[in-house]
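I opened my notebook to record what I looked up in this structure.

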Amino acid sequence: MPSRRTVLAATAGVTAALAIGTDAQAARHHDKKLRALIARMTLEEKVGQLFVSRAYGHSATAPDQADIDANRTEFGVDTAADLVAKYHLGGVIYFTWAHNTRDPQQIASLSNGLQRASLGKPRGLPLLISTDQEHGIVARVGKPATLFPGAMAIGAGGSRRDARELGRIAGKELRAMGIRQDYTPVADVNVNPANPVIGVRSFGADPQAVAGLVAAEVTGYQASAVAATAKHFPGHGDTAVDSHYGFPVITHTREQWETLDAAPFRAAVAAGIDSIMTAHILVPALDDSGDPATLSHPIVTGILRDELGYDGLVVTDSLGMAGVRQKYGDDRVPVLALKAGVDILLNPPTLDLAWNAVVAAVRGGELTEERLDESILRVLRLKAKLDLFDEPYVSRSGVDRSVGTKAHLAAADSLTNRTTTLLVNEGGLLPLDRDTHGNLLVVGADPASPSGSTGPPTTVLAAALTELGFTATALSTGTAPSAATIERAVTAAGSADAVVVATYNVSADSSQRTLVNRLLATGRPVVAVAVRNPYDIAQLLDVKAYLATYSWTDVEVRAAARVIAGKVRPRGKLPVPVQEADEPEKVLYPLGHGLSY
């Protein structure tokens, strides 16, 4: 591992420049040092700084054979270290499915290996290592790291202090593992219950409430020296199309955009956000060219840069998503994104094609090196702000001190206690009494763990209720229970004092409705827990007690158990309205609804 002295020498005094101060004169001196670094870079090195790519393997230099094969197939190299060296990458993004995130110590070792590979090159620069650790339903790093509830649960809690504390703790843990940029918070205002891609990843439907929580979480992350990233500009909250698989069109007028979508991004900018991610969506009121926002100069430069006054890092959403690939080829997308004003090109589907397309665009005159230099300066400014020139490496002891500590886990549980929302409680069914309802059957959906390290929810819920003095048995019935599975659940309910059922995205034709109605017909008390969208209740109006957790990870499921048992009072308030299923223009439960006892 290069010594600290070696790293400092390689960066030509950038750290010394940072020590001058934070006033305008110091900033100019700082930029002068960074521009000197840029001036010594080759074109290929410059282009590389603008790319952040996936790489397969748990180790930078000794991945498993399957990951070697994947790297060879996609990139023509064996290892992540080779990939960094070949393309002079500015950063790497970690994914669970790329086998980057097995455990905290392994992640830290991978980060160090990648930094070593980058800094070991001539004119080597530290990497900006990133991931999507939103918490809730999107989490790449799992246990034993601390996992928090997702954004909509935080919205239900309504506490900016909690949002800031989440960011501070989560950021501290990511930093200890060498991850210095987190693609969170989601700044989209979820005003469409049918939104398939944002939903509970959003703080809610009230623009001002979302804005306050976004700013608080940004402050928390960045206080721990991890770059926060507000996404997905100019706002992905009102769509029924997932931009991973299609090209969403947002039909808001300019006035509606200002009212509904802009506030959280303005708040992020005011909070000093380090980076903002663009969306692969069409917003005709902001740009009628037919281009997705990621490729739109009027949106990225005209609105985000000029109108909102943002001069920080702009990163694309993944360039492998369908929303940005439908109008132009994969060779044109990265060039057009840079022309629009973007700085970082994230995870292109074919890195070699995208990288060479940018090189060719500069050599052919479509892009200038000066344009590249503008973005590289922003990249290096952020790396310097995050102390990557000074301290690119992390330690095993630092992981032990910071990741998944008792204090952090306790804070997550305490925070989550303030988010569980009680939507209905007819006849005071909740909290359940152990004397009269001591024998419980827990059934329902067991969706896959976002991080691969939690759940299954019915098992976790039953275990938590058992710890609280009940005798609880789990029976997983899935998101689409068959007739035979429903019969098994109904039979099992016959020997229970009450049934707890976890529901997941219940629709009008879902067999989950059949399951719940059959359980109700047994005469046993039924408590339902919506473990994703709170809208499930509109399809199950006969349930007498309904809770919303907004995600199915352990921390939220355990909090629901505490509410069911009366260990804590429900305190959450709906951050989105719930409409009637048959007449969606009518509100069943309004924004801010939430019972207690």
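My entries follow, topic by topic.

**Ground rules.** I am working with a predicted model, where local features need pLDDT of at least 70, side-chain atom pairs count only at pLDDT 80 or more, and totals for chains, interfaces and linings use all residues. Residues are numbered from 1 along each chain as its sequence is written, and side-chain values use heavy atoms, with hydrogens and water left out.

**Cores.** I looked up the largest nonpolar core, which has 123 residues. A nonpolar core is a set of buried Ala, Val, Leu, Ile, Met, Phe, Trp, Tyr and Cys residues joined through side-chain atoms within 4.5 Å. Buried means under 20% relative accessible area, exposed over 50%, and partly exposed in between (1.4 Å probe, protein chains only). Phe 51, Leu 89, Leu 114, Phe 233 and Ile 276 touch the most other members. Helix H14 (residues 351–363) gives the most to this core, 8 residues. Helices (H or I, at least four residues) and strands (E, at least two) are DSSP runs, numbered from the N terminus.

I then checked Phe 233, setting aside neighbours within four places in sequence. Its contacts (heavy atoms within 4.5 Å) include Trp 257, Phe 265, Ile 276 and Leu 308. I also found a second, separate core of 67 residues, with Leu 430 and Ala 489 among them.

**A helix pair.** I turned to H17 (residues 406–416) and H21 (residues 554–565). Their axes, lines fitted to C-alpha atoms over the stretch in contact, come within 9 Å and cross at roughly 55°. Angles run from 0 to 180 degrees between N-to-C directions. So H17 is oblique to H21. Under 35 degrees counts as roughly parallel, over 145 as roughly antiparallel, 65 to 115 as roughly perpendicular, and the rest as oblique. From H17, Ala 412, Asp 413 and Thr 416 meet residues of H21, including Val 555 and Arg 562.

Most residues other than glycine have a negative phi, and most peptide bonds are trans. I noted the exceptions below.

- Lys 143 and Pro 144 are joined by a cis peptide bond, with omega about 15°. Pro 144 sits in the loop between strand S5 (138–139) and helix H8 (151–157).
- Lys 231 and His 232 are also joined by a cis peptide bond, with omega about 10°. His 232 belongs to strand S7 (residues 227–233).
- Ala 225 is not a glycine, yet its phi is positive, about 60°. I found Ala 225 in the loop between helix H10 (207–223) and S7.
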